[in-house]
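The following account leads through selected local features of one protein model. Please keep the sequence and the coordinates in view while reading.

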Amino acid sequence: MDVITPPPMPPRGSDKIWALLCHLSTFIGMPFLLPLVVYLAMKGDSPYVAENAREALNFHLSLVIYVLCCIPLTFVLIGIPLMVAIGFASLVFAIVAAIKASDGGCYRYPLTLRLVG
């Protein structure tokens, strides 16, 4: 017997805007602060916004850890190209996540450590 799951509730009101801002917070200069504040403020009100904010926060924390791991590798001359690749990938992934959030979904960033649960 197949169990039919109801479709998820569509985002309401300004939920899409909050989700978009969380994913694009790098472009406005607040990569940690904005997703953290939105997650803490909206986790009881909107599961959609909370999930997007949590994903964005986990992604930004993962980026910091990856860049910190690249710093010792700069002495072997591979750290700088890796940091450039991480920076480029972060911009591309943020744009993809914002597009997915604007469609009402939640993007799961690849290679992201799930630190905030």
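In which segment is T112 found? The model is a predicted one, and in it T112 lies in the segment after α4, the helix that covers residues 79-102. T112 has a relative accessible area of 12%, and because values under 20% count as buried, this residue is classed as buried. Its surroundings include N58, F59, S62 and Y66, which T112 touches when residues up to four places away in sequence are not counted.

Helix α1 spans residues 15-23 and helix α3 spans residues 47-70; their axes come within 9 Å and cross at roughly 5°. Angles under 35 degrees count as roughly parallel, and α1 and α3 are therefore roughly parallel to each other. On the α1 side the contact is made by D15, K16, W18, A19, C22 and H23, which meet Y48, V49, N52, A53, A56 and H60 of α3. The residues of this contact divide into seven nonpolar, three polar and two charged.

The cysteines remain to be considered. A search of the whole structure finds zero disulfides. C22 is accordingly in no disulfide, and the nearest cysteine sulfur, that of C106, is 10 Å away. C22, which also takes part in the contact of α1 with α3, counts as buried because its relative accessibility is 0%. For C69, the closest cysteine sulfur belongs to C70 at 7.0 Å; a disulfide requires sulfur atoms within 2.5 Å, so this separation is too far for a bond.

Definitions and conventions
Residues are numbered from 1 along each chain as its sequence is written. This is a predicted model: local features need pLDDT of at least 70, side-chain atom pairs count only at pLDDT 80 or more; totals for chains, interfaces and linings use all residues. Side-chain values use heavy atoms; hydrogens and water are left out. Axes are lines fitted to C-alpha atoms, for helices over the stretch in contact, and angles run from 0 to 180 degrees between N-to-C directions. Helices (H or I, at least four residues) and strands (E, at least two) are DSSP runs, numbered from the N terminus. Angles under 35 degrees count as roughly parallel, over 145 as roughly antiparallel, 65 to 115 as roughly perpendicular and the rest as oblique. Contact means heavy atoms within 4.5 Å. Ala, Val, Leu, Ile, Met, Phe, Trp, Tyr, Cys and Pro count as nonpolar, Asp, Glu, Lys and Arg as charged, and the others, Gly among them, as polar. Buried means under 20% relative accessible area, exposed over 50%, partly exposed in between (1.4 Å probe, protein chains only).
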